[in-house]
Amino acid sequence: MKRTTLSLFAGAAALAAVTGFAAVSAPGDTGAETAEPAARLPVERTSLLCPAPSASDLAETTYTSFTPVTEGAEEKGTATLTAAADGAGAEADKGGEDAESGKDGEDAKDGEDAKDGKDGEPVLRPGAPGTPVTGTASGADAPALTGTAEGSHAPGWTVQQTTEVAAGTGRGLLGLNCTAPDTEFWFPGASTASGRTDYVHLTNPDDSAAVVDIELYGKDGVLKSTVGEGVTVPPGGGESLLLSTLTDVEQTDVTVHVNVRSGRLGAAVQALDDKTGGDWLTAAADPAGELVVPGIPADATSVRLMLFTPGGSDADLKVRLASPSGAITPAGHETVHVKAGMTTGVDLGEVTRGEAGSLVLTPTSGSVPVVAAVRVVRGEGGEQESAFIPASDPVGARATAAENRAKGTTLSVTAPDRTAKVEVTASAGTEGGTTATKTFTIEGGTTQNVEVPVPAGLKGTYALTVETVSGGPVYAARTLTGEDEDVASFTVQPLPDDRGTVSVPKAEQNLSVLQQPPA
């Protein structure tokens, strides 16, 4: 009996490291007497999915892969990104370790592995933990990517996909963190209005087909359509569906619900606007009664908040802006009422007024789960550009952002409740440089655009990690701006926990329970 019990707990630890979840208790144990803080172990395997970046022939896409150094991780590991569909592959600009031998890979340096970009072929071989690696792709044929990291490369593995489109619908800077596969996604902030061209991208990492339902909700409720039911995504492949082909109803604010019947997928919405360019709308945090939308740019000229409640009850939310000086209630928008099953849009205008800001949404009375996102516009007149920021989960133990630049990178950190201390670390650069670290204290109820550390002797781009040292919870977002200072192009990525480690319950063996009673 003793040996069986120990094996059970060891198995739980292994399960948690691979899947991210484990919970074990002895028979009849309520946990009330022997509960201990859970240990955190590095994950052993991570999967990421990147959507096809653009349909524009002018698109120039950069992929940046980074795994932070994680205490307790395995000494060896592998990671690869492969094409999920026909098209031009990514050319690796700088190599790391060969996926087979763990030695410096010549193929990754010269891009030989990536030149064809055929289905299943590697397009980027990420480097050793602590050093980011980049790859590039051009034009409209760049494919969706599927990736897997194991061993030392798995904990916190992050891939940033950034595309610059010089002209046309959806021009500007389009960025996202490639996502882990899942079975349900919410996208408040999409649109089927004239002048918008929104696609939902689906990527299947597995060797069997996935079946998905796509539901659309507008200001009056569900937008009826049978086209979005039972969509099949082929094994290892990707699909993109134009939202306006799923319904003939034009709506300014639409919430997209992706529900996977069988299998698992990566999902993202590409939102392209004729006047204000385009960006990726990534999935919002799961429905919750309290939400934080972090990192609204200080120079935003327009902010529109979109909300949806999937349950059967209406929601009433208090709206606050966490600014550098504390929480502010936007004039005229103290509260917002969200009808059940209907998408609500609220224009907040220039809510940040030249200062860093994050939206904090809390219930006025009973808590009702809600999803939310904002559409942000920068610039004036014909030089406006737009981006999206969904409500985010907190930084947790650590969050990671790849592809940061010496200029044009802003890190926004907010502590909506309690004061918190965070540690921000800059990695080495893709082509050289040494790490740098700074610690910041974020007062409760505030948002700060912190002075990010930059690697000494930086060459290329670098990665940032944000770790919660004390207090919190903490939320963060990273903004990238285009290299042309005369153009307002930008993209914002929220920084939730990178899931590099998972909690495994500690258990104290009680021999009196395990021993058999005397005969």
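A cavity is a set of points on a 1 Å grid over the protein atoms alone where a 1.4 Å probe fits but cannot get out. The model is predicted, so local features need pLDDT of at least 70 and side-chain atom pairs pLDDT 80 or more, while totals for chains, interfaces and linings use all residues. Residues are numbered from 1 along each chain as its sequence is written, and side-chain values use heavy atoms, without hydrogens and water.

**Exercise 1.** State how many cavities of 30 Å³ or more there are, and describe the lining of the largest cavity.

Step 1. The count is three.

Step 2. The largest cavity holds about 40 Å³ of space, a volume being the space filled by probe spheres set on the points, which are joined across faces, edges and corners.

Step 3. Its lining residues (an atom within 4 Å of a point) include Leu-49, Pro-51, Leu-176, His-201 and Gly-266.

Step 4. Strands (DSSP runs of at least two residues, numbered from the N terminus) E12 (196-203) and E18 (266-273) each supply at least two lining residues; E18 gives the largest share, three.

**Exercise 2.** Locate the disulfide (a pair of cysteine sulfur atoms within 2.5 Å) and find its handedness.

Step 1. The one disulfide of the structure joins Cys-50 to Cys-178, S to S 2.0 Å.

Step 2. Cys-50 sits in strand E2 (residues 45-50) and Cys-178 in the loop between strands E10 (172-177) and E11 (184-190), 128 residues apart.

Step 3. The S-S torsion is about 110°, so the disulfide is right-handed.

Key
On a 1 Å grid over the protein atoms alone, a cavity is a set of points where a 1.4 Å probe fits but cannot get out, and a pocket is an open set with protein on both sides within 12 Å along at least five of seven lines; lining residues have an atom within 4 Å of a point. Helices (H or I, at least four residues) and strands (E, at least two) are DSSP runs, numbered from the N terminus. A disulfide is a pair of cysteine sulfur atoms within 2.5 Å.
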